[in-house]
Structure formats: structure tokens, C-alpha cells
Amino acid sequence: MATEASVGPLPDVPGTGRPVPRAEPALVERWRSGGGELVDLLAQVRERTGGVAAFDLGSRPTVLVTDPQAVHHVLARQPDRYVKRSHRARLLIGDGVLSATGAAWKRQRRLLQAQFTGVGMRRYEQRIAEAAGTTAGRWSEYARTGETFDVGREMHRFALDTIWRSLTGHPLDEGTERELASVAAVVAALPTLPAEVSDARDAVAGDLARIDAVARHAIDAARGGAAGPHGPGLLHVLVDAATTRAEYTDRLIRDELTTLLVAGHETTATTLTWLYLLLDDHPAAREEALAAGGEGSTQRRRAIQALVHETLRLYPSAWLLPRHAAEDDILAGYSVEAGTDVLVCPYLTHRDPHLWPDPESFSPGRFTSEDGRPAHQGAYLPFGIGPRACLGLQFALREATVLLEHLLPAHTPSFHDIPEKAAYGIVVRPDGSTPATLGTPLT
């Protein structure tokens with residue numbers, strides 16, 4: 001059974017604590033001179049210093065948090081002390097719910113939350129199923145013709161189609177798909193954009209203009225009452241809110257639309273791409289999932305969900321969650337001063353050998369056996385935890401599961417090339433294309 005790592009008690013109120021253990025400055029200097037990924041530095045800091053560790057990264061003191069109890073304290077128990085500052089994707093998503101703070105965030109989240117739970121989720125079941133069926137049809141054609149296709153691009157097409165149907169009520173058409181490629185382009189460019197906001201905006205001005213044009217057209221169509229075959233979508237909820245809430249200007253509706261596009265397809269598409277790459281290395285995992293039960297059975301669905309969860313453990317949708325200490329606090333017995341930057345890193349928590357035995361291995365059984373995963377909430381958080389956890393968690397899990405129920409029994413991609421490394425931006429994505437072909441459908 002996996003055990004919990006702990007660095008000490010977690011008082012609820014500020015007091016006098018020990019200084020946070022500090023990583024040696026030479027680590028940061030070597031990382032800067034080597035030009036590696038930030039995750040490489042964070043991994044060394046965690047390994048050498050522990051689950052709560054201080055180091056000098058920028059102008060403000062920085063504390064890395066990977067211990068599950070400390071993670072839970074920051075994100076779930078004390079979210080008003082550890083707050084979000086400007087979101088790195090703000091250039092793209094504006095004042096959408098991901099980047100909003102304070103009272104504005106609470107109002108925006110409250111409006112959207114009902115759409116992703118209970119009855120709200122049931123509204124989107126048919127749309128998810130139809131998007132999955134469309135993708136399955138394309139894959140059958142690839143299998144028939146032997147055409148080479150990119151698995152990652154297919155996953156993006158599926159996830160974008162799903163969220164577009166859920167937003168507008170209509171399937172994604174080819175023209176809109178071409179224009180919305182600008183969303184992925186901006187997301188990919190964000191880590192390398194200039195620090196100055198105006199310079200960064202200029203660098204992606206063309207893509208932002210295309211996104212704005214699609215948003216304007218969709219908002220106008222929703223305001224005109226254009227609903228799809230399964231009724232209105234999320235965009236109609238936002239447009240309706242504008243009739244009674246002055247804050248829902250066309251600009252805010254555009255920001256929420258773009259936020260939902262980013263959060264609703266980029267993370268799911270990346271997770272599914274990683275899953276297929278992992279299955280290429282571990283073909284028995286596919287066979288075990290399909291053997292767990294017959295088509296449509298609870299047992300098979302649970303086994304497929306375990307594939308998704310294990311992929312999310314290795315490549316969490318939110319691999320790094322920056323926070324800012326708004327006031328002094330005691331964290332795991334250590335004193336954290338107001339003004340400190342705090343980096344919660346699910347990627348490293350999910351790969352902690354004290355929590356997850358053999359953490360680098362792909363082992364979906366962790367999520368089907370009762371004692372296969374740590375009990376502490378802070379040990380597994382691919383979508384975050386606490387009040388700012390991702391709204392679309394259940395939506396993402398559902399769409400991934402439905403697609404895999406369509407594709408796994410029929411097709412196994414044969415990859416022509418495998419990306420050698422990951423790229424750490426807003427999400428952790430394969431750093432390269434994923435060309436593949438399909439054989440004849442399996443029986």
C-alpha cells in the first residue's frame with residue numbers, strides 16, 4: 001500500500017515557525033546556465049531539500065510545495081491566504097474564470113458550476129457521444145485506406161468538436177476548426193512570448209484576431225437564438241446572463257468562451273495523446289482494460305477510467321499551480337512570509353516514491369485496487385483541489401472515457417515516430433508530432 005509523506009503538522013493560524021529549508025543557490029545557477037526545463041530545477045530542489053523547500057528564482061522568495069498535506073493546506077484549507085495572481089494565459093483568456101480573482105471569480109464560477117455537475121452534465125452526454133462517433137468514423141476510414149494521420153491532432157479535433165458542440169449546440173465545421181487552430185497556437189507560444197504584455201500581444205496578434213472573430217460570430221448566433229439539434233449550449237447560458245448581469249459584457253463572454261475552449265479541449269486532447277503513447281509502450285494495459293468486462297459494462301468503463309487516471313498521474317492537466325502568499329502563514333511547521341511565491345507541483349507529487357511505489361511506471365491498477373493509491377487528497381490532484389479546482393473535471397473524464405470506449409476495441413495505432421521528450425507549458429505535452437497508421441479493425 002502506498003504511504004503518505006509528511007513534513008509536519010499543519011496549524012490553521014499564523015504563528016512562529018521554523019525557516020523553510022533552503023535549496024543551495026548552486027542548483028539554480030547550474031539550471032540557469034544549462035537552460036533546462038523548469039521542472040528539472042524543481043525536481044532537484046524537491047529531491048535535495050524536501051516537500052516544502054525555499055529557493056531563489058526571481059525577485060521574490062519562492063517556496064516549492066509537493067508534500068500532500070502541505071499541498072492540501074495551500075489549495076484547499078487556506079485558499080484565501082494563497083491566492084492566484086495574473087494567470088500566464090491571461091493574454092488569451094482575458095478575465096475568464098481561470099484568471100479571475102476575488103468577488104468576480106466567485107460570481108463567474110457560480111454561474112458555470114451548475115453546468116458541469118448532475119443535471120448539467122447530462123445535457124452534454126449526447127454531444128460527447130456524437131463527437132466520439134465522428135472520430136471513430138474517421139479512424140475506420142484511416143484503417144481502411146492505410147492513411148498516415150497524427151494521433152495528437154486527432155485528439156485535438158475530437159476534444160475541440162466536443163467542447164464546440166457543448167458551447168454552441170452545433171458540431172464543429174471545417175472553417176471554424178481552421179480558425180480555432182489559433183487557440184492551440186497561442187497556448188503553445190505562451191512560454192516563449194516576450195515578458196512585456198504589449199510585445200507578447202503583438203507577437204500573436206493575428207491568432208488573437210482570428211479567435212476574436214470566431215467568438216463574435218458565435219456570440220451573435222447565440223444571441224439570435226441559434227441552437228443546435230440538442231438545444232442551447234453553454235454559450236447561451238452566458239448570453240442569457242448578460243440580460244440581468246451588467247458585468248457580462250461581450251468582452252467577458254468572449255473571455256469565458258475562450259477559457260472554456262482552452263480548458264475544455266487542450267487538457268483532454270493532451271491526456272488522450274499521452275495515453276496512446278503509453279499504450280504503445282504497454283500494450284497489455286489495453287488488453288486488460290478490454291478484458292475487464294463486455295462492451296458498455298461498468299467493469300470495462302472503470303478499467304478505461306483507470307487508464308485515464310494513470311495517464312493524468314504521470315502527466316497531470318495542471319502540472320504546476322502558482323500561488324502567492326497574501327499574508328504570513330505557518331505551512332507544515334515552517335514560516336511563510338507574505339509576498340512569497342508558492343509553486344505547488346502536482347507533477348512532482350504524483351512521482352514521489354514515498355507516495356507512489358515505482359512512480360515512473362505506467363500501472364493503471366493503482367486506480368482499480370483499494371490500496372493502490374495514497375489516501376490523502378493532496379497526493380493526487382491532476383485538476384487541482386479546493387475551491388479553484390478545475391470545473392470541468394467530470395466533463396473531461398467523461399469525454400475521454402466515451403472516446404476510448406469507441407476506439408480501444410477497434411484500433412491500435414502503429415506509431416511511425418515517438419516524441420523523445422515532453423514540453424512543459426500550460427500543459428505537459430509531447431514535444432513533437434505523433435504520426436501513425438491503423439491496421440484493419442480488430443475483432
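Let's start with the second largest pocket, which has a volume of about 710 Å³. A pocket here is an open set of points on a 1 Å grid over the protein atoms alone, where a 1.4 Å probe fits, with protein on both sides within 12 Å along at least five of seven lines. The volume is the space filled by probe spheres set on those points, joined across faces, edges and corners.

A quick word on the source: this is a predicted model, where local features need pLDDT of at least 70, side-chain atom pairs count only at pLDDT 80 or more, and totals for chains, interfaces and linings use all residues. Residues are numbered from 1 along each chain as its sequence is written, and side-chain values use heavy atoms, leaving out hydrogens and water.

Back to our pocket. Lining residues have an atom within 4 Å of a point; there are 29 of them, and G152, R153, H156, R157 and A184 are the closest to the centre. Which element gives the most to this lining? That's α9, with 8 residues. Helices are DSSP runs of H or I, at least four residues, numbered from the N terminus.

So what else does α9 do? Its axis and that of helix α11 (residues 205-223) come within 8 Å and cross at roughly 130°. Axes are lines fitted to C-alpha atoms over the stretch in contact, with angles from 0 to 180 degrees between N-to-C directions. That makes α9 oblique to α11, since angles under 35 degrees count as roughly parallel, over 145 as roughly antiparallel, 65 to 115 as roughly perpendicular and the rest as oblique.

Conventions:
Helices (H or I, at least four residues) and strands (E, at least two) are DSSP runs, numbered from the N terminus.
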